[in-house]
Amino acid sequence: MEDRLDSKLDVVIEEELTERLDAPAIRIRSQRKRLFQTFVRNRPAILGVFLLVLVLVMAIFADDWFIAIFQGREPQPLLAPYDPLEQDTVNRLAPPSREHWMGLDSYGRDTLSRIIYGSRVSLLVGLLSVLIGGVSGALMGLTGGFLGGKVENVIMRVADILMAFPSLIMGLMVLAVLGGGLFNMILAIGIVLSPTFARVAHSSTLGVKENEYVEAARSIGAGNWRIARVHILPNIISEVVVLASIWIASAIRVEANLSFIGLGVSPPTPAWGSMIRDGTKYLFQAPWVSFFPGLAILITVLAFNLLGDGLRDILDPKLQN
Amino acid sequence: MGKYILSRLLLAIPTVLAVLTLVFFVVRVIPGDPATAALGDYASQEAVEALREKMGLNEPLIVQYFNFLGDLVRGDLGASMITGKEISDLVKQVLPYTLELTITSIFIGTILGVPLGIYTARHVNTGVDYVGRVVSLAGLSVPAFYLGILIMLLLAHKIPIFPAVGGGNLKDFKSNIMHLVLPALTLGLIMTASVTRLTRSAMLNVLKDDYVRTARAKGLSERVVVLRHALRAALVPIVSIIGIWAASLVADSVLTETVFARPGLGKMLVSAIMQRDYTLLQSVMVIYALFVVGINLITDIAYSFVDPRITH
């Protein structure tokens with residue numbers, strides 16, 4: 001009898017112990033699973049991921065650079081049917097055909113191949129400029145929110161002033177100083193985006209730093225740098241990441257705008273915005289030269305927007321309808 | 001109310017000053033000497049030096065800064081470095097085009113976006129709502145210049161109703177309106193997408209509140225419930241998105257003016273950058289900045305009418 005009671009008690013204790021020990025792990029696992037399921041059930045978000053994979057594959061496998069690097073030769077087109085710079089001047093502005101699915105541009109270059117290669121510029125600008133803007137902005141917001149006082153005032157007022165200009169005007173202004181070209185454009189868009197990230201990081205830092213665990217860390221002697229890195233950064237990062245995917249969409253659009261105005265990547269490197277710009281001269285005569293690159297921009301930006309919407313729904317269930 | 005408006009006006013002054021300062025220094029850090037840029041690379045040293053003196057570039061920076069502010073207060077924008085024309089005259093010529101474009105676009109975006117948002121919120125999770133969501137997200141994703149090109153292809157080429165390019169004659173009402181339709185439609189539709197999305201989510205937030213249920217329980221008609229009780233409460237975010245868009249449309253006019261070859265502030269800005277016309281660039285930037293500050297001010301004041309609690 002006693003044995004049985006004992007063993008029963010053991011089981012209860014064991015159960016309780018495992019529950020206590022594993023509970024957070026189980027909860028985290030099930031929470032992740034739930035978040036994942038919410039995301040998978042969000043059909044638009046899945047469509048976004050699918051489109052993004054498509055664009056990524058285009059950018060990576062446009063040519064066989066990953067083989068060419070080892071063989072020490074120039075990369076050959078892989079996914080792209082033609083070399084994006086190869087000119088067929090006899091057939092310039094030829095309409096879409098079986099050989100050239102999206103027609104030829106005014107120099108007789110294959111539009112489809114140029115779109116496939118052009119995805120590299122768009123993705124590069126989108127990802128790198130958001131990385132620059134996100135990291136610098138988040139650091140500024142975190143520093144300001146965490147330290148408070150004068151530092152906070154200066155940082156946030158500067159962010160306010162930078163945000164007083166619409167992003168396109170601000171981008172034009174920075175490019176006027178730096179001059180055009182790919183890397184200046186990445187830097188310009190990064191600078192344009194950083195105040196937005198600073199604001200978000202600032203307001204989430206203000207919320208997080210009031211928590212008891214921050215006070216606890218401070219009371220056991222943790223310095224500012226450690227608290228910011230270990231206790232605050234991990235808690236604000238999710239909001240910054242969600243913002244990032246939406247702002248990549250925005251960055252790609254700003255890049256297209258600037259390329260369209262003529263301040264982007266220098267020719268003849270294919271970029272979607274400048275392809276449209278070239279096409280406008282022959283718009284009524286050969287609309288395909290502008291039409292297809294625009295479609296590529298639309299699809300890519302839409303993909304990032306869909307993904308961003310999906311991520312936001314997951315992290316902020318209040319916004320779900 | 002008056003006190004609130006006054007305080008907003010006073011608060012706008014430091015913003016304007018900060019923005020003007022930013023523009024001044026940005027133009028000063030652009031690499032290259034403005035005088036050399038104006039005269040070309042082969043100009044003699046004496047000529048460059050004379051122009052530098054005339055442009056006040058030899059003064060200390062702080063003196064230049066206060067001269068810049070003083071000129072602005074007197075409404076003197078100076079002369080274009082490249083063409084030598086008075087900038088205030090140039091601005092007066094193109095400003096009406098940009099203004100009419102921006103105002104018409106805001107009008108289109110509001111008049112379409114708000115009702116569509118209310119409608120989709122009332123029919124949430126139906127086919128209409130789903131289509132509306134996809135279309136508005138697409139509208140947020142399409143670059144303004146691309147939509148402009150598509151609209152131009154459709155309504156100026158396939159079905160040639162409207163002229164494709166140009167700004168029309170400001171004095172001739174019909175020519176002016178005909179040239180305005182396509183660019184205004186372009187910007188208006190993009191704004192519609194965003195306003196629809198926001199109105200929908202603001203309405204959804206409000207429609208499930210208790211007082212809406214109370215209003216329904218009192219037996220008020222659905223029309224009164226939605227338009228008087230719910231919409232009123234959802235109006236603050238709607239006003240703020242319209243304000244944000246107003247500012248951003250001023251910027252997007254750079255693109256539509258390029259696509260439709262319309263005269264305007266945006267086109268002037270682009271050509272100032274391309275030709276490295278520093279004085280023109282500085283003035284156009286200042287005007288843009290004042291625009292944005294002014295729009296923010298109007299938005300702030302509009303808040304106080306929409307939600308009188310804000311004034312306290």
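This is a predicted model: local features need pLDDT of at least 70, side-chain atom pairs count only at pLDDT 80 or more; totals for chains, interfaces and linings use all residues.

Mentor: Happy to! Reading from the N terminus, its elements run α-α-α-α-α-α-α-α-α-α-α-α, which comes to 12 helices and zero strands. The C-alpha trace of chain B spans about 85 × 55 × 35 Å along its principal axes. Chain B has 312 residues, and 39% of them count as buried. Its contacts also reach along the sequence: of those between residues at least 6 apart, 72% join residues at least 24 apart.

Now zoom in on helix 5 of chain B, which covers residues 87-122. This helix has 36 residues, and the distance from its first C-alpha to its last is 51 Å, close to the 52 Å expected at 1.5 Å a residue. Look at V94(B), where helix 5 bends by about 35 degrees. A proline, P96(B), follows within four residues of that bend.

Finally, turn to the neighbour. Here 37 residues of chain B are in contact with 30 residues of chain A. On the chain A side, at least two residues each come from helix 6 (167-178), helix 9 (224-261), helix 10 (272-280) and helix 11 (288-315). Helix 11 of chain A gives the most, with eight residues. Sorted by class, the side of chain A that touches chain B has 23 nonpolar, six polar and one charged residues.

Notes. Residues are numbered from 1 along each chain as its sequence is written. Chains are lettered from A and ligands numbered from 1 in the order in which they are written. A residue is buried if 20 or more other C-beta atoms lie within 10 Å of its own, exposed if 12 or fewer, and partly exposed in between; C-beta atoms are placed from the backbone. Two residues are in contact if their C-beta atoms, placed from the backbone, lie within 7 Å. The expected span of a helix is 1.5 Å times one less than its number of residues. The bend at a residue is the angle between axes fitted to the seven residues ending there and the seven starting there. Ala, Val, Leu, Ile, Met, Phe, Trp, Tyr, Cys and Pro count as nonpolar, Asp, Glu, Lys and Arg as charged, and the others, Gly among them, as polar.
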